[in-house]
Amino acid sequence: MSEHFDVIVIGTGAGGGSLAYTLAPTGKRILLLERGTYLTRELGNWDPDPVFVDGRYISPDTWYDGDGTPFQPQVHYFVGGATKMYGAALYRLRPEDFGEIKHVDGVSPAWPMSYAEFEPWYTKAEWLYQVHGEHGEDPTEGPASRQYPWPAVSHEPRIQRINDALAEAGYNPFHAPCGILLNEADRPASTCIRCSTCDGYPCLVHAKSDAEVIAVRPLLGLPNVTLLVNSEVVRLQTDPAGRTVTGVVVDHGGDGKEEIYTGDIVVLAAGAANTAKILLRSASDAYPAGLANGSDQVGRNYMFHVSKTIAAFGAEDNDTSFQKTLGLNDFYLAGDGREWPMGNIQMVGKATGGAMKGEEPHLTKLAPNWSLEDVARHAVDFWLTTEDLPKPGNRVTIDEDGSIHLDYVPSNETEAAGLYAEFRKILNHVGLARHHVLHKNYYMGMNIPIAGVAHQAGTCRFGNDPATSVLDVNCKAHELDNLYLADTSFFPSIGAVNPALTVIANAIRVGEHIADRLGASLPAEARAPAPRTEPATPASTFSRKR
Ligand SMILES: Cc1cc2nc3c(=O)[nH]c(=O)nc-3n(C[C@H](O)[C@H](O)[C@H](O)COP(=O)(O)OP(=O)(O)OC[C@H]3O[C@@H](n4cnc5c(N)ncnc54)[C@H](O)[C@@H]3O)c2cc1C
């Protein structure tokens, strides 16, 4: 393909997909390059055996840890990226996360923007991804310029009872923000059927607000947008001075035949580890340590959250289908007698016998499926997250074959232990004292911590100082004129809530900046989503039409 593009976007996940969606109305010629292809819609999408036991949707990559031991990272190379598997819990960071926060193991650095400056794009991201929620319920959240587009998803009865017990005990539970397509969005073919497989599974009926459904599919067929799948970007070429990316080198399927694409602007959004890999593989005379890496920061400050998944068992059956409706941030910040911040508590997708087999293969080896289903029926499943600090030694490097090596040592484990202690107290209030810490190896990989790369972030942070950051405040590489990054690599810190809404919001922001730079106009509604037409109600049910 010899055509020249205005913008080339590498990766179609939360960052790349959302940025392309933002830029498409400008009419500029956009090329989307995706190493994977479409995730096949098949019954196996909802079957725990292929998803968790066989790892059907996990890429066959081999990465290496700091000791050189190989492992299979839980990465997903599809149109839509990791969002094809994500739980669509679309949280904002807290305002404090944008400033400096002291932790037991060090300091979480300030962002070059405040929450107030970033906030308009959070609102746009919530509207684009059709988030259900209720701003104002969670006392730790920052101001929102607009309410969510849709009311919060109501708790099913078992979760409502937990919510009520927590509130009675003095806690502040809130409705978790969920990116799902209920029947109100005028998408009859894509209506969430409230199954238990939102989190960690692809959605067979395309009713999860993932990047393929929300951002990429609407672009297919537009005359100015081209999507090439099975197109792995292997490196970027520059002019001799190293100021401009002049070529994007693509391998279309591993036959060793490479093609070069050209664009005025190149946006890298391959996920935090792969973006660093591409830059490091693009070393040249101008950049012997890797493209845009004069600061030696590319690949450093890798973060991924300190997390625990916990199944708590009660005497009562838990017949909840869609479990991810409740969150609790009472321990998110220091204060009220807490010396350190501790993090977030939320629900995860409902455990099933099949999923437990995949998550705990040793513990469940001898158990028949029917007995596991019986155990799972009593489980209520929670997920605890503590902030991980950006440490320079936690880093992605590559070897001479171009394979990723990931050095990683977790931080803030004392805070994570404190959160777990608070969580145990909570369980006593809600009649769930008996519990088990699950090794959700498909998700956060507690038994192989380094392989659980679901929340990878931070390998090319943005900042004002080119000596300590890779990107400027617009996420343009300090050292190049036409290279931008739009995935989770830009995070200077990760906070203790799920990262996807923040990367989507940032991608919209960077997309608008690129549109301005190209002198292209965006429709007014693309820059400012219309306000919700009805006032928020406390909670929507799955069947409710607006
Ligand atoms: C099981 C699971 C559950 C999760 N649940 C949640 C949740 O509930 N809430 C939340 O906020 N976050 C969640 N996440 C995390 C969230 O999905 C990620 O933070 C988010 O998708 C990151 O966006 P990204 O653009 O950085 O990367 P991705 O979305 O992964 O996109 C990267 C894209 O680049 C492509 N790519 C990679 N290398 C190349 C290359 N060399 N050439 C071309 N293309 C390339 C990939 O195939 C992919 O499409 C979850 C993740 C997983 C795996």
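This is a predicted model: local features need pLDDT of at least 70, side-chain atom pairs count only at pLDDT 80 or more; totals for chains, interfaces and linings use all residues.
Good morning. Let me start with the overall picture.

The chain has 546 residues, and 61% of them count as buried. Its secondary structure comes to eleven helices and 19 strands. Take the contacts with a separation of 6 or more: 72% of them are between residues 24 or more positions apart.

Now the interior. In soluble globular proteins, nonpolar side chains tend to be buried together. Here, the largest nonpolar core holds 108 residues. Which members touch the most others? They are Ile10, Tyr129, Leu236 and Leu483. Helix 10, residues 500–517, gives this core its largest share, with ten residues. There is also a second, separate core of 22 residues, and Ile159, Ile310, Val380 and Phe382 are among them.

Stay with Tyr129 for a moment. Set aside its neighbours within four places in sequence. Its contacts then include Ala14 and Ser18, Tyr86 and Leu90, and Gly179. They also include Ser209, Asp210, Ala211, Ile214 and Ala215, as well as Ile504.

Next, charges. The count comes to 20 salt bridges. Look at Arg92. Arg92 pairs with Glu119, with the closest N and O atoms 2.9 Å apart. Arg92 lies in the loop between strand 4 (70–71) and strand 5 (101–103), and Glu119 lies in helix 3 (residues 115–128), so this pair ties together parts 27 residues apart in sequence. Is Arg92 buried or exposed? Arg92 counts as buried, because its relative accessibility is 4% and the cut-off is under 20%. Glu119, at 7%, counts as buried too.

Arg92 has another partner. Glu126 forms a salt bridge with Arg92, the closest N and O atoms being 2.7 Å apart. Glu126 is in helix 3 and Arg92 in the loop between strand 4 and strand 5, so the pair joins parts 34 residues apart in sequence. Glu126 is buried, with a relative accessible area of 0%.

Helix 3 shows up again. Lys124 bridges to Glu512, at 2.8 Å between the closest N and O atoms. Lys124 sits in helix 3 and Glu512 in helix 10, so parts 388 residues apart in sequence are tied together. Both residues, Lys124 and Glu512, are buried. Elsewhere, Lys84, Asp210, Glu212 and Arg217 form a network of salt bridges.

On to the rings. The whole structure has 21 aromatic pairs. Take Phe98 and Tyr115: the centres are 5.8 Å apart and the planes at 80 degrees, so the pair is edge-to-face. Phe98 is in the loop between strand 4 and strand 5, and Tyr115 is in helix 3, 17 residues apart. Phe98 is buried at 4% relative accessibility, and Tyr115 is buried at 6%.

Then there is Tyr302 with Tyr408. The ring centres are 6.0 Å apart and the planes at 80 degrees, so this pair is edge-to-face. Tyr302 lies in the loop between helix 6 (272–281) and strand 12 (306–313), and Tyr408 in the loop between strand 17 (404–407) and helix 9 (413–429), so parts 106 residues apart in sequence are tied together. Both tyrosines, Tyr302 and Tyr408, are buried.

Ring pairs also build a cluster. Its members are Phe98, Trp111, Tyr115, Phe118, Tyr122, Phe462, Phe490 and Phe491.

Last, charges over rings. The charged end of Arg35 sits over the ring of Tyr77, 3.9 Å from its centre. Arg94 lies over the face of Tyr332, 5.7 Å from the ring centre.

Definitions and conventions. Residues are numbered from 1 along each chain as its sequence is written. Side-chain values use heavy atoms; hydrogens and water are left out. A nonpolar core is a set of buried Ala, Val, Leu, Ile, Met, Phe, Trp, Tyr and Cys residues joined through side-chain atoms within 4.5 Å. Buried means under 20% relative accessible area, exposed over 50%, partly exposed in between (1.4 Å probe, protein chains only). Helices (H or I, at least four residues) and strands (E, at least two) are DSSP runs, numbered from the N terminus. Contact means heavy atoms within 4.5 Å. A salt bridge is a side-chain nitrogen of Lys or Arg within 4 Å of a carboxyl oxygen of Asp or Glu. Rings of Phe, Tyr and Trp (its six-membered ring) pair if their centres lie within 6.5 Å; planes under 30 degrees apart count as stacked, over 60 as edge-to-face and the rest as tilted. A charge sits over a ring if NZ of Lys or CZ of Arg is within 6 Å of the ring centre and within 35 degrees of the ring normal.
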